[in-house]
Amino acid sequence: MAHLLSTSCSIKLSSSHRPLSQPFHQCPTKCLTFFTLGASKYPFKRFVLQGGTQQANCVVRAAVAPVSQETPTQSSSGPQQNSSEPFKPKRVMVIGGDGYCGWATALHLSNKGYEVAIVDNLIRRHFDLQLGLDSLTPIASIHNRLRCWQSVTGKTIELYIGDICDFEFLSETFKSFEPDAVVHFGEQRSAPYSMIDRNRAVFTQHNNVIGTLNVLFAIKEFRDQCHLVKLGTMGEYGTPNIDIEEGYITITHNGRTDTLPFPKQASSFYHLSKVHDSNNIAFTCKAWGIRATDLNQGVVYGVRTDETEMHEELCNRLDYDAVFGTALNRFCVQAAVGHPLTVYGKGAPLFPEDASGETVILENMIWKMFYLFAYDVAYDTRGYLDIRDTVQCVELAIANPAQPGEFRVFNQFTEQFSVNELASLVTKAGEKLGLDVKTISVPNPRVEAEEHYYNAKHTKLIELGLRPHLLSDSLLDSLLNFSIKFKDRVDTKQIMPSVSWKNIGVKPKTLAA
């Protein structure tokens, strides 16, 4: 797939390539040049210089200014750290910075004074084309987004377009930008996408695991003090019948005690890729002295941050479909267009009914209290957090980096809800806005325990200074009004689940439109 880049660029060629017909040092370092992506077995892997008979693999540093403006040259190395001072990152590379969490994070860090670079192969946009999906919100191109950011704030975010599974591209990017911290969002992030067919399962594992391995090797070879902040998922833990600790658990077995990584029970090929990432990062911290923080994030909701509110072209994406949409975002969009809220499986306990089918209220209240307190049962319960807290957590992790050789794990969420609790909250908020909100139970397409104990710890980010934005009526009103504003963009055919964990097969599958 070709992607045309026309902007003011700085170019660095790998020393392994011969010069073009004109010696490259005779070209101006700032030039108006056109690039497309050459064919390769990985999407978006290489850039090919047009007009020459030979191909040159290169890193493109795309300036955010329009081509008519001249952008001041910036030093590729950030402020020098005094060896006697604590390590404080100044230059942050955001891999996957064009995505939902990555875009909000890149803007937030830039606004806080960090020098930021986005690295992205733009494949998330390709997924929408591939599956016939679209964001609820209209999304500007990455180039227009960054030009807008500079126009609004005067701040520059550098752009590197390429695939981190291509180590040559990644290594040149590292040497060019010289990051003090890497925030790694650059993974296929959907469990349903990984369960569509064999091709998507293999892609997810390759893209996520190999990409992260390349980042680890790039840190080792080129920026050994660089702090890796990696986005994991609470889904790595599964739903064990014990409290979920933050990354590690101290156990006593046969009279001996040790602190070990918390057991993992991944529930999709996507979640398994995250488990593999965690194991690889833990090993390289131990073997190479890498400093890393794994942020096991819960389900994110919301779309607005202080930065994305500055201009309509900075607006973040909002997914509502059954492949990439998260629960609360999906519920709010469903309510806005009059579609019943889709609760997968039970979502909540079933209570006895009398002969006429009417619930015996008092009996049920007593039964429910006894059942929940006696058995500590949750019903499809997960941890949730506001997108504003995602960017806040990442900033806290960067500002308080891990030590060399340390592999930290933070559980990144602020509240726990069952899907039925979310549906009830959206129903009440919708009624205040005059919406007639209904809820339906649909067969759970996933293979997971619907009734389970769930209690996860999440104290470490609070201790670092996290100030949570808890789910409130005003937040729900805002999200519902936002959904109503863009409801004409909703394709209701994308709402119902179309991916089954049990029916995944080897034949490439095209989802029904």
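## A first look at this chain

The chain has 13 helices and 20 strands, where helices (H or I, at least four residues) and strands (E, at least two) are DSSP runs numbered from the N terminus. Keep in mind that this is a predicted model: local features need pLDDT of at least 70, side-chain atom pairs count only at pLDDT 80 or more, and totals for chains, interfaces and linings use all residues. Residues are numbered from 1 along each chain as its sequence is written, and side-chain values use heavy atoms, with hydrogens and water left out.

**The chain as a whole**

- Of the 513 residues, 53% count as buried; buried means under 20% relative accessible area, exposed over 50%, and partly exposed in between (1.4 Å probe, protein chains only).
- Contact means heavy atoms within 4.5 Å; among contacts between residues at least 6 apart in sequence, 80% join residues at least 24 apart.

**The nonpolar cores**

- A nonpolar core is a set of buried Ala, Val, Leu, Ile, Met, Phe, Trp, Tyr and Cys residues joined through side-chain atoms within 4.5 Å.
- The largest one has 39 residues, and Val92, Val94, Leu109, Ile118, Val183 and Ile398 have the most contacts inside it.
- Elements that each supply at least two residues of this core include β5 (91–95), α1 (100–111), β6 and α10 (387–399).
- A second, separate core of 31 residues includes Leu216, Ala218, Ile290 and Ala292.
- Leaving aside neighbours within four places in sequence, Val94 is in contact with residues including Ala106, Leu109, Ile118 and Val183.

**Helix α2 and its surroundings**

- The buried residues of α2 are Ile123, Arg124, Phe127, Asp128 and Leu131.
- Seen down the axis of α2, these buried residues fall within an arc of 165°, so they line one face of the helix; the arc is that of the directions from the helix axis to the C-beta atoms.
- An α-helix has 3.6 residues a turn, so residues three or four places apart point the same way.
- Cover for the buried residues of α2 includes β6, α5 (191–194) and α6 (198–222).
- Just after α2, Gly132 takes a positive phi of about 70°.

**Two non-glycine residues with positive phi**

- Leu122, in the loop between β6 (115–120) and α2 (123–131), has a positive phi of about 65° although it is not a glycine.
- Leu122 counts as buried because its relative accessibility is 8%.
- Glu178, in the loop between α4 (167–177) and β8 (181–184), has a positive phi of about 55° and is not a glycine.
- At 22% relative accessibility, Glu178 counts as partly exposed.
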